[in-house]
Every structure is written in structure tokens, then in C-alpha cells.
Amino acid sequence: MCTMNGNHQDAPRTTVPTLAPVNITTITAEEIDRWLCECGNTPHGDGFDFVDRHGNSVDPTPEQWPEPLYMCNNCGLVMDAATVDITAHTVAVIGRIAR
Ligand SMILES: [Zn+2]
């Protein structure tokens, strides 16, 4: 996946994720796409944005968005939508992007 000789080597990129660790592991997922963030944000509030692990806003394409990561537009928590558990009503938090 990630080789040193791939395309787009015009700028050196760190491989260290910019996500800061957080002491929260999940937030509430009432439905597959209806989340309640720790900060109280919902899709109908400030909403959630498509991001990569570097905190960049991306388009939801396989190229730009290989992992289904969403960032809370209010507090910067980043969730992995692949972990939504509709029985437990949780989705995993993988970190926070400093804003
Ligand atoms: Zn939030």
C-alpha cells in the first residue's frame, strides 16, 4: 500500500498520524449514520466531516478516503465508521485532531 517510491512524492510526508490520543474509546451511535458525539454534536448540528488520518478534509472516494474516518466538526474527535456497532450503539473513537 504505502511504498517509498510511489507517486506524489513532491513533498515529504510524515507517516506519523497527527491524531492525538484520547481517553475516550467510543461515542454513541444511535443509528449507523446518526451519531452523538461526546461534545453533543450530531449530524444535524455541526456535523461530521470526511477526513484522513492526517486530519485533512477529503472527498469520500476510495483514493482520498481509504478508511471511513469522520471528524466531529465541533470538537475534532475522529471516529472509524467501520466500527459502528448497531447493537451496542457505539462507534470507536480513534483520536482527536487538534484544531
Ligand atoms: Zn464532538
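Predicted model: local features only at pLDDT ≥ 70, side-chain atom pairs only at ≥ 80, totals over all residues.
1. Six strands form an open sheet in the order 2-1-6-5-4-3, and their pairing is antiparallel. Strand 2 (34-36) and strand 3 stand at the edges with a single partner strand each, so one side of each has no neighbour in the sheet. On average, and with direction ignored, neighbouring strands of this sheet are turned by 40 degrees against each other.

2. Strand 5 and strand 6 run antiparallel and are joined by five bridges, and L77 stands opposite R96 in strand 6.

3. The core. The largest nonpolar core has 16 residues, and those with the most contacts inside it are W35, Y70, M71, L77, V78 and M79. At least two residues of this core come from each of strand 3, strand 4, strand 5 (77-85) and strand 6 (90-96), while the largest share, four residues, is supplied by strand 4.

4. Leaving aside residues up to four places away in sequence, M79 touches I27, W35, Y70, V91, A92, V93 and I94.

5. The loop residue D52. This residue is found in the loop between strand 3 (48-51) and strand 4 (69-72). Why is D52 classed as partly exposed? D52 has 17 other C-beta atoms within 10 Å, and a residue counts as buried at 20 or more and as exposed at 12 or fewer, so D52 falls in between.

6. Surroundings of D52. Not counting residues up to four places away in sequence, D52 touches V58, W65 and L69. The C-alpha atoms of D52 and V78 are separated by 9.3 Å, although these residues are 26 residues apart along the chain.

Methods:
Residues numbered from 1 in each chain as written. Contact = placed C-beta atoms within 7 Å. Core = buried A, V, L, I, M, F, W, Y, C linked by C-beta atoms within 7 Å. Pairing = 2+ DSSP bridges. Axes fitted to C-alpha atoms, helices over the stretch in contact; angles between N-to-C directions.
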